[in-house]
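Hi everyone, thanks for coming. Let's have the structure up on the screen, and then I'll walk you through a few spots in it.

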Amino acid sequence: MEDKKFYITTAIAYTSRKPHIGNTYEAILTDAIARFKRFQGYDVFFLTGTDEHGQKIEELAKEAGISPKAYVDKVAGEIRTIWDKMNVSYDKFIRTTDDYHEEAVKKIFTKLYEQGDIYKSEYEGMYCVPCESCFTETQLVNGCCPECGRPVKPTREEAYFFKMSKYADRLMKYIEDNPEFIQPESRKKEMVNNFLKPGLQDLCVSRSSFKWGVPVEFDDKHVIYVWIDALSNYITALGYSPEAKGENYKKYWPADVHIIGKDILRFHTIYWPIILMALGEPLPKQVFGHPWLLFGNDKMSKSKGNVIYADELAEKFGVDAVRYYVLSEMPFANDGSITYEMVIARYNSDLANILGNLVNRTVAMVNKYFDGTVPSPGAEEGTDGELKAAAVKAYKDVCEAMKGHHVADSLEIIMNLARRSNKYIDETTPWTLAKSEETKERLGTVLYNLIEAIRFIGILITSFMPETGEKILAMINAADCGADSLESFGNFKAETKVGEAVPLFARIDEKKMLEELTANTQEPQLDIKPEITIEDIEKIDLRVAKVLAAEKVEKADKLLKLKIDLGGEERTIVSGIAKNYTPESIVGKNIVLVANLKPAKIRGIESKGMLLAAADDKNLVLLTVDGDMPSGTKIG
């Protein structure tokens, strides 16, 4: 007999700030999958929550003048409010500051230490606070974090490390034996080729330079780092501890799927499975790395003024319209896009014109021609069979698509059934049939078929647009809404009284709506670093330098090795500009060099200085000096 239990999770949201629509997409996506599984009869446990520890939180709380706990209480409350507003039907909302979670994490860390998987050493490297990640100098790009591009700072501290390499071969075999473990397929290749095959380094799993975290039981100078703390939420929420396993853990683990953003795939497909292996626990059946929702073509950023929030969008368009947009607009493996114009266009075309118009005019015709009572259908003729087949096929196709979490495809299948139903109206012209008593029976059959097709749509769309599905089914007074009722066409009970025809989605005036949406839009805020003094500026020695030669760094797509003239002194620098400049295009340019930067080894090459460039998410342009300014000339 098929196991009808289903455990699904989101990544827990970081409590640094209010989540934008791109962050909220993950919760809505996971909710749609969970709702559909419940519709299919599964016993679903849906977990979401918040990640609340770390140096970044400690610093943000200090800036706000409040305690870290007060800070995370506020942001976690905002996150939960948005999830609730968007009708996210989670079964549990975990916070990593919950007492039971912290106690379980302490026990997990101690168990791993006592069995020899964790050891104490010292860490020295470059630390990125926003990413909460440490890097070697060779991993940096142009001296900055290779993941977010922000500045890093040198870190040296005592820390505990996890022996990752001990389990690498076992994990590789698990991935090979379980081809569905990492999805989509492109993500799996990235993890195996970029991280597992080159070899795993031991992982830093504690910090001693800040205090906001779960303390190590046997060494209170250390707090447990994010990898063990945050990732363990998936089992601690079910009542797991090394000392005892709760009933929910026994019932639901291993997870059927972790739904996460593609940017944290490495943590969930390498670190997390290895932690579980070390604990002797089963691995999750699947990790699904969804793409990002971009503003146009850019990542959302407060500094760019392009952040859209789900709750604010819902105030203008309604919760279900927002859910529909993000679920239908996101491709399976590639990034999706959102702008106000795109939301309005999709709202008017799909929700108002196709879906809303179909339901409204069909119910209105039943009320007008049959006093609101759906007649019994007569003999099949014309395109009746096509509509019936389309409805049953839509149900089967959605079930198939949802097996692989193809949510956008599922919504397109449902919307295509609505399109087919609207075409059926055009083919049968009920208003013409209503003109004669001789065709009244045929009119009744047409309207019954339309109401039954709408029942299919209402039931299927409820997992994705809960309020809309409920409104549709209430409007036609559908009694049978179970999955079994969609196995065949004709299960709507004739002689049922429908409700009043109420528009589901009124068309939006684009110009007027855009004026409302942009009226309170703030100007983009520059992400200015903390103020410095003239003494700080005087420490930086900027010079004109001429590029004498350039070549690509072997096995480093982003790096160029430059030979420069600094006024009689030749130097070598390594810079991450190879995506924007060829060696030939840069030779002869007068660049601006930070001449007194401490030398660093990058890919084994000593780099003495850093050139200056202006960069955004798409472009990078070198700062150059016009004219015949001699090399070595001081700038400033």
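Let's begin with two tyrosines, Tyr-7 and Tyr-252, both of them buried. Keep in mind as we go that this is a predicted model. The ring centres of Tyr-7 and Tyr-252 are 6.5 Å apart with the planes at 50°, so this pair counts as tilted. Tyr-7 sits in strand S1 and Tyr-252 in helix H9, so to speak a link between distant parts of the chain, 245 residues apart.

In total, the structure holds 28 aromatic pairs.

Now, which residues have the most contacts inside the largest nonpolar core? They are Phe-317 and Leu-327, in a core of 115 residues. H13 gives the most to this core, with 15 residues. Phe-317, leaving aside neighbours within four places in sequence, touches Val-343, Ile-344 and Tyr-347, among others.

That brings us to helix packing. H12, residues 319–329, packs on H13, residues 340–370, at about 100°, with the axes 10 Å apart. The two helices are therefore roughly perpendicular. Among the residues that meet are Tyr-324 and Tyr-325 from H12, and Arg-346 and Asp-350 from H13. By type, the residues of this contact are seven nonpolar, one polar and three charged.

Thanks, and I'm happy to take questions!

Methods
Residues numbered from 1 in each chain as written. Predicted model: local features only at pLDDT ≥ 70, side-chain atom pairs only at ≥ 80, totals over all residues. Heavy atoms only, no water. Axes fitted to C-alpha atoms, helices over the stretch in contact; angles between N-to-C directions. Helix = DSSP H or I, 4+ residues; strand = E, 2+ residues; numbered from the N terminus. Parallel < 35°, antiparallel > 145°, perpendicular 65-115°, else oblique. Contact = heavy atoms within 4.5 Å. Nonpolar A, V, L, I, M, F, W, Y, C, P; charged D, E, K, R; others polar. Core = buried A, V, L, I, M, F, W, Y, C linked by side-chain atoms within 4.5 Å. Buried < 20%, exposed > 50% of the residue type's maximum accessible area, 1.4 Å probe, protein only. Phe/Tyr/Trp six-rings, centres within 6.5 Å; stacked < 30°, edge-to-face > 60°.
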